[in-house]
Amino acid sequence: MHPNGSALLLTPTRRRTVGVVIAAVLALVGGLLLAYPDRAGAAADPLISGGKSATSSSDESSDLGPQNAFDGDPATRWASVEGKDPQWLSVDLGATADVTRVKLSWEDAYAKAYRIEISADGTTWTRLADETAGDGGTDDWPALTGKGRYLRVYGTARATAYGYSLYEFEVYGTLGGQPPQTGAFTVVAAGDIAAQCTASDSDCAHPKTAALAKKIDPKFYLTMGDSQYDDARISDFRNYYDKTWGAFKAKTRPVPGNHETYDPAGELAGYKAYFGDIAYPQGKTYYSYDEGNWHFIALDSNSFDKSAQIDWLKADLAKNSKACIAAYWHHPLYSSGGHGNDPVSRPVWKILYGAKADLVLNGHDHHYERFAPQNPDGKAVADGITEIVGGMGGAEPYPIEEVQPNSQKRISGEYGVLKMDFTDSGYSWNYIGTDNKTKDTSPKYTCH
């Protein structure tokens, strides 16, 4: 134990303990369990993290991904990128759990300082334990008390010049009455949202789309870029977006559009200042997460020409274990609106198509449009990706200009949101206007 650790939090037991002391301790513990049999169950709380979905702030390579720390194999490991603090590794337990113990098996690249944190939603974290003088090996935290669905190790200081690396991250406890997150759920999606106007202006649309989105009360919200016009300054986010769609910021999974890059304070400065970790949950402008049987990928189409994002996308898809895949970003590959087709995302489509992705959501053009499943070259195919343009969140509408092949439905001039309904094996949606009337209903699709 380390005397300079936090006085308010627990410190781990170590594997480097003299054998005779271990024997004495085991004898003492055995006697205590005989004297207090109700504690025997607590000492035997089961492993609840094995094989569960995991994410990380970074991976050194695709072979050293976060899932390796939960596969039960002591020969595989997760490793972060080298030379950067902080870094984290998180596991989704699949349901709310009472966590009583965490065991960490470090590789040579260990943490000198780190926190163990728990969360109900993967966004707001509570500290369970604090290490300030780590010495590697195995850290066993046997007397934790925490309730939540997500656990993470948050490294703040590396012990070496390398990164952080764990062979195993074991969580023990009992899962609560909530079942794993599977089955049906609803998502609200929109792009191109907050013009510089407020509810006092009867022509201002984003207060109306926000009221509609709130009424639907989805599992979470997707925003497909250009959340704030015109230059996405932090003051504009606070004066306009925050007054409407900001009411459910904590449940929003945003991506940046081109207007977020126009901020005079710096590219994406206002966007990052407003959304913070919500928009950068993995330390980048792109990230992924799971819900039910779906893998969602949030991408930054402003930087599709950067190899780092493309390499990350390939590695992310290689690690995915979910049957259904949805991706979203700002600039659509296909659009019948004023901006038209944008080939910047064709390489991304090719990667997604190769991974059997099902759905792509975009904004940029200020209209609603749905396409038949198609391949990256625009050919209608049964195993194609379904694309939706949903840029009617509140910015001034654009007219339909040149109808593209495979476009099945187009609506311009009527503000609204996408009500997306997902199941374990498929999806469908309605485009709902601010008058609460359904303007379009999609077919029901089955995942590839």
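Predicted model: local features only at pLDDT ≥ 70, side-chain atom pairs only at ≥ 80, totals over all residues.
Partly exposed describes a residue whose relative accessible area lies between the buried class, under 20%, and the exposed class, over 50%.

**Figure 1. Salt bridge between arginine 233 and aspartate 231.** The closest N and O atoms of this pair are 3.6 Å apart. Aspartate 231 has a relative accessibility of 24% and therefore counts as partly exposed. Arginine 233, at 36% relative accessibility, is likewise classed as partly exposed.

**Figure 2. Salt bridge between lysine 419 and aspartate 421.** Here the closest N and O atoms are separated by 3.1 Å. Lysine 419 is partly exposed, because its relative accessibility is 22%. Aspartate 421 is also partly exposed, with a relative accessible area of 22%.

**Figure 3. Salt bridge between glutamate 107 and arginine 77.** In this pair the closest N and O atoms lie 3.8 Å apart. Glutamate 107 belongs to the loop between strand 4 (87–106) and strand 5 (111–119), while arginine 77 belongs to the loop between strand 2 (54–56) and strand 3 (78–79), so the contact ties together parts that are 30 residues apart in sequence. Glutamate 107 has a relative accessibility of 16% and so counts as buried, the cut-off for that class being under 20%.

**Figure 4. Network of salt bridges linking Arg115, Glu117 and Arg152.** The view shows the side chains of these three residues, which are joined in a network of salt bridges. For the model as a whole, the count comes to 16 salt bridges.

Technical notes: Residues numbered from 1 in each chain as written. Heavy atoms only, no water. Salt bridge = Lys/Arg side-chain N within 4 Å of Asp/Glu carboxyl O. Helix = DSSP H or I, 4+ residues; strand = E, 2+ residues; numbered from the N terminus. Buried < 20%, exposed > 50% of the residue type's maximum accessible area, 1.4 Å probe, protein only.
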